[in-house]
Amino acid sequence: MGVLTKVARAKRAVAAEESPLPLDQIVMGDCVAAMRALPAKSVDMIFADPPYNLQLGGDLYRPEGGRVDAVDNDWDKFDTFEAYDRFTRAWLAEARRVLKDNGTLWVIGSYHNIFRVGASLQDQGYWILNDIVWRKANPMPNFKGTRFTNAHETLIWCAKSEKARYSFNYQAMKALNDDLQMRSDWLLPICSGGERLKDEAGHKAHPTQKPEALLYRILLACTAPGDIVLDPFFGTGTTGAVARRLRRRWIGIEREPAYVAVARDRIASTLPLDESAMQAVPSKRTEARVPFGAVVEAGLIPAGTRLCDAKRTWRATVQSDGSLACDDGRHGSIHKLGALVTAAPSCNGWTFWHVEADGALIAIDRMRQAFRADNLA
C-alpha cells in the first residue's frame with residue numbers, strides 16, 4: 001500500500017471516530033426525516049432499494065394451487081404514480097444533500113419503478129455512470145404464462161455531477177472477474193437457501209431481501225475500508241452485514257420494527273474480514289503519481305537508454321531531463337512523443353514505450369511499478 005493511501009485511510013478513520021453520525025447503527029423511522037437529521041456531504045456511498053410500487057392486482061397462485069409469497073406489504077403501496085414520484089423526489093433530494101461531492105449512489109428497481117426513478121435522478125442533477133442488469137440465475141417463473149419470465153432487475157449507478165471525481169476500483173473488479181473487464185450484466189442467484197432469512201413462523205423475513213453477493217460487488221467497486229455507506233431502505237440489513245464484513249462503516253434507516261430486529265441480530269453475527277484479506281488490487285487512479293523523470297533519476301531507466309514501441313517501429317533516446325528524442329529530431333515527454341509518432345490524439349507512454357533486455361521487450365511501466373514499490377510502499 002502506498003504512503004498516500006495509508007495517510008488517506010488514517011485520516012478517514014480519525015474522522016469517522018469523531019463523527020456525529022450514527023455509524024454502524026440502524027435509525028428507526030421515515031427515511032426522508034432520518035436523512036434530514038444527517039449532516040450535509042457526510043457519506044461516501046448510498047445504496048437504495050426503495051419500494052417498487054408493484055401495483056399487484058390480486059393474489060398470485062402456482063400451478064398446483066399454492067399461493068405465491070409476493071410483495072403485498074403496505075410500504076410498497078402508493079395511490080398513484082404521482083404519489084410515488086413525490087416520494088422518490090423527496091428521498092433523492094435528501095440523499096443528494098448528505099452524499100459527498102465525489103460520492104456515488106446506487107438504486108435498484110424493477111420495470112415497475114426504475115424508469116421513473118431514473119428520470120427523477122436526472123431531473124435532480126445526478127449523472128448516470130452505468131445501468132447494471134442483475135440477471136437472476138434462478139428467477140421465479142411466470143406462472144400464468146402470459147409474459148416473459150422476469151429474470152432481471154436494474155441498478156442505476158450515478159455520481160452527483162458530470163465532473164465528480166468518483167471512486168471506481170477498476171482493478172479490483174477486473175480481478176474479481178478472472179482478470180477480465182467487469183461487464184454491466186451480472187449473473188448472480190437470488191437470495192435463497194440458508195441466506196434467506198425467516199421469521200419465527202418460517203416465512204420470509206422480508207419479501208425482497210437482496211443477496212449478499214450483489215452488495216459485496218457494489219461495495220468493492222466504489223468504496224474503500226473505512227468509507228461510510230448509507231442505506232435508507234435498510235430492510236433486514238444486507239448492506240450493513242456486507243459493509244461490516246468488508247470493514248466499511250454503515251448507517252441504516254428502516255421504519256419497520258420487525259425488520260430492524262432481524263437486521264440487528266444478523267449484523268451482530270457477521271464477522272469482519274481479517275485485515276490481511278483487505279488488500280484488494282489497487283486502482284491505478286488512486287496510485288501515487290510517478291513522473292518519468294523520477295524513474296530516470298533513480299537509475300531504473302538511465303539517460304541514454306534506447307526505447308522502442310512493442311513492434312520496434314519507433315525508437316527514441318532517453319534524455320537527461322526525462323524527455324525522449326527521436327533520431328529525426330522530434331522530441332517530447334513519453335506521452336507526447338508517443339502521440340506524435342503514431343499521429344494519435346493521445347498516448348499512454350508508460351505502456352507504449354519499451355526497453356529491450358536479453359532480446360525481450362519490457363514496458364517501461366514495469367520500472368514505474370518497481371519505483372513505487374521501492375520508494376512509496
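Colleague: What is the handedness of the crossing of α3 and α4?

Modeller: In this predicted model, helices α3 and α4 cross in a right-handed manner.

Colleague: At what angle do they pack, and how far apart are their axes?

Modeller: Helix α3, residues 81–98, packs against helix α4, residues 114–123, at an angle of about 45°. Their axes are 10 Å apart.

Colleague: Is that parallel or oblique?

Modeller: The angle makes α3 oblique to α4.

Colleague: Which residues meet there?

Modeller: From α3, the residues are F81, Y84, D85, T88, R89 and L92. They meet R116, V117, S120 and L121 of α4. By class, the residues of this contact comprise five nonpolar, two polar and three charged.

Colleague: Changing topic, how many residues are in the largest nonpolar core?

Modeller: The largest nonpolar core contains 32 residues. Those with the most contacts inside this core are W106, L155, L214, I218 and L219.

Colleague: Which elements give two or more residues to it?

Modeller: Five strands do so, namely β2 (43–48), β3 (99–109), β4 (127–136), β5 (152–159) and β6 (185–188). The helices that do so are α6 (212–222), α7 (238–245) and α8 (257–268).

Colleague: And which one gives the most?

Modeller: Helix α6 gives the most to this core, with seven residues.

Colleague: What does I218 touch?

Modeller: Leaving aside residues up to four places away in sequence, I218 touches M45, F47, W106, L155 and W186.

Colleague: What does the second, separate core include?

Modeller: The second core is separate and has 30 residues, including V32, A48, L105 and V117. Residue V117 also belongs to the contact of α4 with α3.

Colleague: Back to helix pairs: how do α7 and α8 cross?

Modeller: The axes of α7 and α8 come within 9 Å and cross at roughly 15°. That angle makes α7 roughly parallel to α8, since angles under 35 degrees count as roughly parallel. The crossing of α7 and α8 is right-handed.

Colleague: Which residues make that contact?

Modeller: Helix α7 contributes T238, G240, A241 and R244, while α8 contributes R266, I267 and A268. The contact of α7 with α8 has three nonpolar, two polar and two charged residues.

Colleague: One last topic: where is A294 found?

Modeller: A294 lies in helix α9, which spans residues 292–297.

Colleague: Is A294 buried or exposed?

Modeller: A294 is buried, because its relative accessible area is 14% and buried means under 20%.

Colleague: How far apart are A294 and G322?

Modeller: They are 28 residues apart in sequence, and their C-alpha atoms are 8.0 Å apart in space.

Conventions. Residues numbered from 1 in each chain as written. Predicted model: local features only at pLDDT ≥ 70, side-chain atom pairs only at ≥ 80, totals over all residues. Heavy atoms only, no water. Axes fitted to C-alpha atoms, helices over the stretch in contact; angles between N-to-C directions. Helix = DSSP H or I, 4+ residues; strand = E, 2+ residues; numbered from the N terminus. Parallel < 35°, antiparallel > 145°, perpendicular 65-115°, else oblique. Left-handed = near helix turned anticlockwise from the far one by under 90°. Contact = heavy atoms within 4.5 Å. Nonpolar A, V, L, I, M, F, W, Y, C, P; charged D, E, K, R; others polar. Core = buried A, V, L, I, M, F, W, Y, C linked by side-chain atoms within 4.5 Å. Buried < 20%, exposed > 50% of the residue type's maximum accessible area, 1.4 Å probe, protein only.
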